[in-house]
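Below is a report on one predicted chain.

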Amino acid sequence: MGTIPNSGLKLREKYRRFDVMAHFQMENVSSEDPCPCGEVLTGKIKPEECQLFGTLCLPETPVGPCMVSSEGACHASFLYGRKGE
């Protein structure tokens, strides 16, 4: 769903040994996720409006989290959605 600029979210000093970003000296890591699951979950698009829906993203080969779970928006829409509405 994106990042929150200047959020300041980080691990406390006593847990720093578990901080992968510090251990590998990574900053501003961006994940280019091809799945717009965040947009589906926030109602910006319908599952059927995703370019991956029903092609590359299927219940047997999910691309994103909305198709993985049987309760996921895309999974439910794929199995029970009514075409043509």
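A disulfide is a pair of cysteine sulfur atoms within 2.5 Å. The model is predicted, with local features needing pLDDT of at least 70 and side-chain atom pairs pLDDT 80 or more, while totals for chains, interfaces and linings use all residues. Residues are numbered from 1 along each chain as its sequence is written, and side-chain values use heavy atoms, without hydrogens or water.

## Cysteines

By the 2.5 Å rule, the count is one disulfide. C37 and C66 form it, with their sulfur atoms 1.9 Å apart. The link of C37 and C66 is right-handed, with 75° about the S-S bond. It joins distant parts of the chain: C37 sits in helix α2 (residues 37-41), C66 in helix α3 (residues 65-68), and 29 residues separate them. Helices here are DSSP runs of H or I with at least four residues, strands are runs of E with at least two, and both are numbered from the N terminus.

Both C37 and C66 are buried. Buried means under 20% relative accessible area, exposed means over 50%, and partly exposed lies in between (1.4 Å probe, protein chains only).

| Residue | Relative accessible area | Class |
|---|---|---|
| C35 | 14% | buried |
| C57 | 6% | buried |
| C74 | 7% | buried |

## Fold and totals

The chain has four helices and zero strands. Along the sequence the pattern reads α-α-α-α. How much of the chain is buried? Buried residues make up 21% of its 85 residues.

A contact means heavy atoms within 4.5 Å. Take the contacts in the chain with a separation of 6 or more: residues 24 or more positions apart account for 36% of them.

The chain exposes about 7,300 Å². Carbon and sulfur atoms supply 53% of that area. Accessible areas come from the Shrake-Rupley method with a 1.4 Å probe, and for residues only the protein chains shown count as cover.

C74 is located in helix α4. Leaving out neighbours within four places in sequence, C74 is in contact with V40, P47, F53, C66 and M67. One of these, C66, is also a partner in the disulfide with C37. C74 and L58 are 16 residues apart in sequence, and their C-alpha atoms are 8.8 Å apart.

S77 is in helix α4 as well. Is S77 buried or exposed? S77 is buried, with a relative accessible area of 11%. Beyond residues up to four places away in sequence, S77 touches P47, E48 and F53.

## The aromatic pair

A pair of aromatic rings is described by the distance of the centres and the angle of the planes. Rings of Phe, Tyr and Trp (its six-membered ring) pair if their centres lie within 6.5 Å; planes under 30 degrees apart count as stacked, over 60 as edge-to-face and the rest as tilted.

The whole structure holds one aromatic pair. The rings are those of F53 and F78: their centres are 5.9 Å apart and their planes meet at 75°, so the pair is edge-to-face. F53 lies in the loop between α2 and α3 and F78 in helix α4 (residues 73-80), so the pair ties together parts 25 residues apart in sequence. F53 is buried at 12% relative accessibility. F78 is partly exposed at 29%.

L11, Y15 and F18 form a nonpolar patch on the surface. Together they have about 310 Å² of accessible area. Like charges are joined within 9 Å, and nonpolar side chains (Val, Leu, Ile, Met, Phe, Trp, Tyr) within 5 Å.

Y15 is in the segment before α1 (20-23). Y15 is partly exposed, with a relative accessible area of 39%. M21 is in helix α1 and is partly exposed at 34%. M21 and K10 are 11 residues apart in sequence and 9.6 Å apart in space, C-alpha to C-alpha.

Key
Patches are made of residues with over 30% relative accessible area and no salt bridge: like charges are joined within 9 Å, nonpolar side chains (Val, Leu, Ile, Met, Phe, Trp, Tyr) within 5 Å. A salt bridge is a side-chain nitrogen of Lys or Arg within 4 Å of a carboxyl oxygen of Asp or Glu.
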